[in-house]
Structures are given as structure tokens and as C-alpha cells.
Amino acid sequence: MDQTQDRVGFLGLGIMGEPMALRLVRAGVPLVVWNRSPRAVETLACAGAEAADSVADVFQHSRIVILMLAGTDAIDAVLGHAGHRRPEFFAGKTIINMGTVPPAYSQQLDDEIRTAGGVFVEAPVSGSRRPAEEGALVGMLAGPERALDEVPPIIEHLCASVTYCGEIPAALTMKLSVNVFLIAVVTGLAESFHFAQQHGLSLDALRLLLDAGQMSSPISRLKTEKIVANDWAPQAAIRDVLMNSALITDAARSRGIASPLLDVCRDLYDEAVQRGDGSLDMAAVVRAITDRTASTPIRQEPINKILIRGSREDSDYSTFAEIWRRAVDATHDFLTIGDRNAIEARLCTDYFPSVTLSAAEVGGRTVGFCGTLDGSLEMLFVDPSHHGNGVGTALLRHAIRNDHVTRVDVNEQNTPALRFYEYHGFEIVRRSPSDEAGRPYPLLHLAYKVSR
């Protein structure tokens, strides 16, 4: 009898993954585990799981494989990058992703797994480490109906409830909707305690009042306890909350949706990461709020909006060239110095004059630009100091709507750019082994497939 049919693989034994995998083992699920860090694997092996030597071993010895990996970079590192994944992993398998990734990324993963003969299911969960330990997570499901008979009996060991949300990527989109409320609540709690502390009030008294009132909830009681005790052991780490905030605001921008609360939260959690608090619990964002009070004890001005304007032709060229230089130095480390300098030498004389240029301004300062030609996005660069602030998204949306862009080429080595365009609805249609000048930088040719 093939034991593979009975085994469940589990990849990713981090803050959430380890207690989830332990619950499955203790529930009698025959688990095969792998993790980049061996400590968690040893813990699971002691509990009765089978330790795999590699990712390939997990897929070889399991029919169902659970992914609880920390974002798209981790999934790409384990399964291979989009368009270059290992189809032999997926044939005849059911892959359950319980982590949080962009909905468009999940859609593409579904397409690749189905093409390889596998089944893909989204099963993100809401909750932190303690609910994971207690089997009290809230689960969301999306995927084909034929998978709904075999997946719930497994994840019900981990969840207090499981809700079917529809076809992929409905579960991940629903998870982002849940996280809007979660992040706003916990950030509001942190600011509430900071406000009380700065007025000399008793934090214990505030905790008692909040826990006794109608606003009390399991998450608020957990976080008020941690804030009062200065207990920053991570249940949900700040760096993960920043990642989720970015997913939410990016998804909002892609649909033209306002997200005023999450825009502020994203900036605040980014400040917390920059101050070195990324590995602490999200309640520790109160420390970043305290920093703001110490350095800027007055109300901050509203965040500047992004303005897209037409280029003022050659008067913009020197600014665009400087932005290009900083952006390339930050993101194109695969270019040789000689090739970089040769491209830069032709920016103002050949490349800029040949395209329709648009500039992005923040607070009256040019921070990015794009160039289009006959429906093709020929260039898009953003000053690194404004990466992650929606400038690239604003430029791309402008190019799609105003210049009718449907195509873009991306250097294969530039994986962040590839993920950016894939998230915004572009798909790889073909690959060239070199760039347009014959240099040894493979190009991925993308076409706009998703209407947003």
C-alpha cells in the first residue's frame, strides 16, 4: 500500500507554522515536514512527524502539501519562480496555501499548479500564535469543489470555524478584508495606551475598562495584556503586519479604492521596522508612536498625494536620469558597470526622446517617471526613497488608462519588478535569452491580461 496517499506535507515552521503543524501531529495526521531552519523540524520530529531531507522529499512522500511560508519570496525560494516552477512537484497533488500572499500571485500559482495536473486551494487563516496553539484560528477557503471534501477535515484541527469564500483568489481577498479591521483595531489600542500614558493615567485601569466594555474582544484582551506588561514576544510580528498592510494598500490602489486608515498604519509599521522592531509583536508599534511624540509633538501634516503629469520634455531629462541612476543602482545589481554606463549615456539623447514620458510628483518634487510607445511600457523608474509608497502603481495605472499600455518587458533577473507587474495583471507570454541590444540579460515579455 502506498503510504504517500495518507501523508500530509507541511512546509514552513515559523511563528504560526510550528504550532499548527504540532496540532496536526497530535491529532494523528501523518505529517512530513521540512523547514529552512532545522530547530523547528527537530521539535516536530520529536512530536512524531517525519522529517524530510528536502522540499522534493515532501512532495514525493505526500499527496497533500500545506504551505505556511512567509510571503511570495519564501514560496518562490521553495517552489521556484513564476514561469519556472517545478511541475513534477504538483502532478496529482493537492497544494494548500495557508499563508498570506497577493491575490494575483495566488491566481497565478493556481494556474501553474492546475496546468501541471495538480489542485490548488487557498486556506488563509486569521489569528496569531496563541489561537494557532489552541486550534482557534478562523479559516477561509477558496478553490475547486472537488477539493472541499478532503481539505476541511485537515484544517479543522487548526480552526474554530472555516468559511468557504468562492473561487480563487476569494479567500485571500477576504483575508485582506479581515486584516483591515485587525490592524486598525490593534494600532488603535496601541495609540490609546500611549495617549493614556502621556497623560499620566494608570494603564492597568485603562486595561480593566477596555476589557470590561462592549469593545472587548479576544484580540483586544490579548494585546492590552501585552502592552501593559511590555511583553513583545511575537504573536504576530511587526514585519508581517507591515507586509499585510502593504498587500492591503496595494490591492486597494489596484482597484482605485481609498484606504486612509491602512495608509497611515503602513507608514507606522514601516517606521517600527526601521527602528529595529520588526521581530516584535505588533502591539510594540506603540514604541514607534512614542518616537513620533518625542520627535514631533505636533500634529503631522497629511501625507502628500501623488500627482502624475506630462513631461516637460528635455527640461525633465536630467531629473529623470538621476532617478534612473539611483533606481538602477538599487535594483539592477545584475548589470555590469560597462553596460550600466552605456545605457545611461543614451538616456537623454536616444531613449527619452523616443517615448511619451510622464512624471510622478510628491510634494512638488519629481520622484518617478515612465515612458510609453505604441501600447508598450518602455520604462518605469521610481526614486528608491519612495519605493513602496504607491508611486510605481500610480505611474503604471496612468500608463494603462491614458497611454493604453498592454505590454512590458522585464529583465528576468529583476524579480521585484516581475512580481510588481504580475500583481497588477500582467502575465509572461514569452522569454528572450538576451535583451534588445543582444546583451546577456534575458527578457520576460509580459502582456496585460487582467482588467482592474
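What covers the buried residues of H6? The cover includes helix H4 (72-79), helix H5 (87-90), strand E5 (94-97), strand E6 (119-122), helix H9 (170-198) and helix H19 (415-423). Contact here means heavy atoms within 4.5 Å. Helices (H or I, at least four residues) and strands (E, at least two) are DSSP runs, numbered from the N terminus.

The model is predicted: local features need pLDDT of at least 70, side-chain atom pairs count only at pLDDT 80 or more, and totals for chains, interfaces and linings use all residues. Residues are numbered from 1 along each chain as its sequence is written, and side-chain values use heavy atoms, with hydrogens and water left out.

Helix H6 covers residues 103-115. Its 13 residues should span 18 Å at 1.5 Å a residue, and the end C-alpha atoms are 18 Å apart, which agrees. The expected span is 1.5 Å times one less than the number of residues. The buried residues of H6 are Pro103, Ala104, Tyr105, Ser106, Gln108, Leu109, Asp110, Glu112 and Ile113. Buried means under 20% relative accessible area, exposed over 50%, and partly exposed in between (1.4 Å probe, protein chains only). Just after H6, Gly117 has a positive phi of about 95 degrees.

In H19, the residues Ala417, Leu418, Tyr421, Glu422 and Tyr423 are buried. Gly425 follows H19 and has a positive phi, near 100 degrees. Helix H4 contains Ala77. Ala77 counts as exposed, at 56% relative accessibility. Ala77 and Asn179 are 102 residues apart in sequence, and their C-alpha atoms are 26 Å apart in space.

A cis peptide bond joins Ile168 and Pro169, with omega about 10 degrees.

The packing of H9 was examined next. Two packed helices are described by the angle between their axes and the distance between the axes. Axes are lines fitted to C-alpha atoms, for helices over the stretch in contact, and angles run from 0 to 180 degrees between N-to-C directions. H9 packs with helix H11 (residues 218-229) at about 35 degrees, with the axes 10 Å apart. The crossing of H9 and H11 is right-handed. A crossing is left-handed if the near helix is turned anticlockwise from the far one by less than a right angle, and right-handed if clockwise. From H9, the contact takes in Leu182, Val186, Leu189, Ala190 and Phe193; from H11, Ile219, Ser220, Lys223, Thr224, Ile227 and Val228. By class, the residues of this contact are 8 nonpolar, 2 polar and 1 charged. Ala, Val, Leu, Ile, Met, Phe, Trp, Tyr, Cys and Pro count as nonpolar, Asp, Glu, Lys and Arg as charged, and the others, Gly among them, as polar.

H9 also packs with H13, at about 60 degrees and with the axes 10 Å apart. H9 and H13 are therefore oblique to each other. Angles under 35 degrees count as roughly parallel, over 145 as roughly antiparallel, 65 to 115 as roughly perpendicular and the rest as oblique. H9 and H13 cross in a left-handed sense. Val180, Ile183, Ala184, Val186 and Thr187 of H9 meet Leu261, Leu262, Cys265, Leu268 and Tyr269 of H13. This contact has 9 nonpolar residues, 1 polar and no charged.

H13 (residues 260-274) packs with helix H12 (residues 238-254) as well, at about 150 degrees and with the axes 9 Å apart. H12 and H13 are therefore roughly antiparallel. Their crossing is left-handed. Among the H12 residues in contact are Ile238, Arg239, Val241 and Leu242, while the H13 side includes Leu262, Asp263, Arg266 and Tyr269. The contact of H12 with H13 has 9 nonpolar, 2 polar and 6 charged residues.

Some loop residues have a positive phi without being glycine. Asp374 has a phi of about 50 degrees. Asp374 lies in the loop between strand E12 (365-373) and strand E13 (376-382). Asp374 is exposed, at 68% relative accessible area. His404 has a phi near 55 degrees and is found in the loop between helix H18 (391-402) and strand E14 (407-411). His404 also counts as exposed, at 58% relative accessibility.

Ser432 lies in strand E15 (residues 426-432). Ser432 is buried, with a relative accessible area of 16%. Leaving aside neighbours within four places in sequence, Ser432 is in contact with Pro442, Leu443 and His445.
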